[in-house]
Structures are given as C-alpha cells and as structure tokens.
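Q: I am new to this structure. Please take one part of it and walk me through that part closely.

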Amino acid sequence: EYYSEIARQFFMLAKELKRKIIFFCVPADTIVSGDARQIAELDVGDRVLSGDGDDTEILKTFTRDYEGELIRIYPTGLLAVEITPNHPVLISKRSGSWRSGSKRCWRRGAKLSTPFWVPASEIQVGDYLLVPRRKDNKSFTFTFRRYRKTKEVILTPDLAKLFGLYVAEGHTQTIVRGAIVRGVNIVWSFGDHERPLVQWVHDAIERLFGTKACIVDSPSMKKEHSLRVVTSPKDLAHFLDEAFGKGAKNKRIPEFIYQAPTEIARAFVEGVYLGDGHLYTTNSSNGARFLKIATASKQLAYGLFELLCKIGLPCTITRDDFGYRIWISELAWNGSLTQGGKLPPNKIQISDSHVYLPVRKVERVDRKVKLYNLETSASNYCIPFIVHNCWENLYGRYNMLERTMIAKTDFVICGSRE
C-alpha cells in the first residue's frame, strides 16, 4: 500500500511535469524557418532550420489545447510572435550600458553576451533574439523533367534573378479549348514602362532554358499599358508551380535558393524587388530611403526575411490590409553598411553566423488556442529566432548552450550611437 501511494504520487508528478515542462508551445500560424511554413503544416520527416544554420529533421510533432497566458514578443524587424511563458528562447544581452535622462545609451565597444536560454516569461525589452544565417550548400544545381528526362541545371545569378521575377510577376496559365487541355503558358507580366526588363526576361528564357519565348504587345494590352513575356514548355511550367507555388498568396522560396551562395540569393531578391518593389523615401529629416517589396504571401515574406538574414542585410516585415511589406535599407543594399559597420546600437546587429534582433516590446495576453511544438534532431528550431525543443531540461543552469552549436566567441562589437 505504501509503494502504491508512492507510485500514485510519482504518476501525478509526471503528469504535472508533462503539463508544465514538456509541452512548450506556439500557436498554429507561427512561421518556422526552413521553407517558412506554418508550424501546423509541418510533419515528421520535414526539415527545418536549426540554430547553427543547417537543416534539421523533425522527429516528433506535438499539439494540445491551451487556455491561459501567452507571451507576445515584438522583435525588431519581425511581426509579433506568441509563445507559452515557459518555452525556452535563446537570447543575448548587451553589456556596458549607461543612462542619459530617460533614454538608455551604450558605451563604445559594448558587447553582446554569450547566448543563453531563458523562459519566454523572462525576456525583457532590449534583450537580443538570435536568428541563424543559413549556411551555403556545396551543390548549386537543381533538377526538373524536360521531354520526359531529368535535366540538371546549374543555378547562376541570372537564373536566380529570372526566378525572382517569376515569383513577383509570373504565373502559369492552362490553355483549355472546349473541354480539352491543350497546353500551358508561363507568363511574366509587366507595365509598358518596363520594356528593358521585358527584353531581358525574353532573352534570359531563350538563353537559359533553350526554349522559344515571345513578347505579347496586343492592342487590348496597350489599353492596359501592360506587356507580357510568354513561353510554353509544359515540364518547366510544372517545375515552377512545384518550386515557387501557384497563385499570389501561395508564392514561396524553394530549398535550392535558400542553400545557394550569397551572390545567387542576392540576385533572387533583386529579381523579386524589380518585379514587386520600389524605392521609398521617408519623410524624416535625413530622407532615409528603403527598398520596399510587396507580397500577398506570408510564406514568401518570411522566406525573404530568412534569405536576407543569410545575405547579412537588416530588413523589416510589416503587414497592412493588402498583404506584407519587406523593407531593406538602401544604404545596406548598396554595401554602405557592411558587417560590423555603424548600425545604431539599438538596431539589428550582425555576426558571421547570426543576426541579433533587439526586443522592442513584450506583452502578456490571455488566449484559448490550440498549440503546436516540434522535436528535432538538433534540439532546437527557429520561429524565426531560436527556440528549444519541448522535451529536455533547459535554461542556462542545465548548460544546454552547446546544443545550439554557437561558439562562445560569437559576439558582436557594436558601433557607438551617432
């Protein structure tokens, strides 16, 4: 009877630990880095981005109904992320601060601390969240079927730029006559003021894919002040739909773009900008200018954020009634702000392996929601900042830092406030 009572107490304790410790969770619409899908869409065997910039495999998925407090974190550059209070998050703190009136300033040469784990409930304004910079893959090729044969294509900057323009301005169009499908067209649509870009796309299609393309400039399109570039290889159309998504709200970035070298990733972003972006000048006294990219796809917006982190460019995601906006500093894009440059100390910081996002706001909210979590082979994943698996003893006192594979020397020397 004594041992029966001990067993009962142990069982109740295990249930309590499972409730309080094992299931650290986030809502269904939380974006997980890797291919920027929502966590509810992921399954065992899928691959996501780990804290060291490599892919990691999902071993288990977890769900549960939850009613209670969530921590809503507003990182600089990202939309708010909600997370349970005990979910472990990797953060860094800045040393060497001093106060000047009501504002916090930073000493010259102030450093970011060695990253360590804290529960989300302990995150404060001014803490830094870590986003890994994805590593390059040694293979820069991809394959698709052409004429019933698998064709391997070397990914070049021009091809990446063409794909970026397709993501921004392209779609596939099935040709139906009567009830019979006669073929498929691949279409890039532009304004008639973009004729040099139209000609570039036309020439690139014929040069890179060895297929015919035509520029459509019909009377009806002239009334709409638009131009189209059209080609029609069925296998290529199928590849584009599979790799980049079909429909404006479903556009995405494929794995071979994420893993490509920096110059190819940059060419892809340039293509997206040329199609769906423009240069925006603020009304501030310094007239700061930003490359602004618009998209209806949440997956594409977060994919571009991940890709820009890989390149080492600070950017910001915002949302409005029309979709998502990605903002990139013109100075950063043109190389005036290089790694370790004079970014303001209260802004995003960059090292060789990570991007550091300062927390600008933290809220506590009550929610009744279904929550999700993952167990990965790397013991962590990114949302897009690094969080830990749900199943191990955590936080700094358990010395789990080595599991993130972040070197203790990986810190940022920050510039002085200008």
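A: Start with strand S11 and its partner. Five bridges join S11 to strand S23, residues 354-376, and the two run antiparallel. Val-131 has Val-355 as its bridge partner in S23. Keep in mind that this is a predicted model.

S11 has another pairing. Strand S7, residues 88-92, is joined to S11 by two bridges, again antiparallel. Here Ser-92 stands opposite Tyr-128 of S11. As a rule, strands of a sheet pair through backbone hydrogen bonds, either parallel or antiparallel.

How covered is S11? The strand spans residues 128-132, and five of its five residues are buried. In a regular strand the side chains alternate between the two faces of the sheet. In S11, Tyr-128, Leu-130 and Pro-132 lie on one side. Leu-129 and Val-131 lie on the other. Both faces are covered, with all of these residues buried.

Now compare another sheet. Four strands form an open sheet in the order S18-S19-S21-S20, with antiparallel pairing. Strands S18 (277-281) and S20 (315-320) stand at the edges; each has a single partner strand, so one side of each is left without a neighbour in the sheet. From one strand to the next, the twist averages 30°. S20 and strand S21, residues 323-329, run antiparallel and are joined by six bridges. Within that pair, Thr-318 has Arg-325 of S21 as its bridge partner.

Two helices pack on this sheet. Helix H7, residues 262-276, touches S18, S19 (289-295) and S21, and its direction makes about 80° with that of S19. Helix H8, residues 298-311, touches S19, S20 and S21, and its direction makes about 15° with that of S21.

A helix pair comes next. The axes of H2 (157-169) and H5 (234-244) come within 12 Å and cross at roughly 75°. That makes H2 roughly perpendicular to H5. From H2, the contact uses Phe-163, Tyr-166 and Val-167. From H5, it uses Phe-239, Leu-240, Asp-241 and Phe-244. By class, six of the contact residues are nonpolar, none is polar and one is charged.

Last, confidence. The protein's mean pLDDT is 81, and 76% of its residues reach 70 or more. Where pLDDT is low, the predicted coordinates should not be read in detail.

Technical notes
Residues are numbered from 1 along each chain as its sequence is written. Side-chain values use heavy atoms; hydrogens and water are left out. pLDDT is the predictor's confidence in each residue, from 0 to 100. Two strands pair if DSSP finds at least two bridges between them. Axes are lines fitted to C-alpha atoms, for helices over the stretch in contact, and angles run from 0 to 180 degrees between N-to-C directions. Contact means heavy atoms within 4.5 Å. Angles under 35 degrees count as roughly parallel, over 145 as roughly antiparallel, 65 to 115 as roughly perpendicular and the rest as oblique. Ala, Val, Leu, Ile, Met, Phe, Trp, Tyr, Cys and Pro count as nonpolar, Asp, Glu, Lys and Arg as charged, and the others, Gly among them, as polar. Buried means under 20% relative accessible area, exposed over 50%, partly exposed in between (1.4 Å probe, protein chains only).
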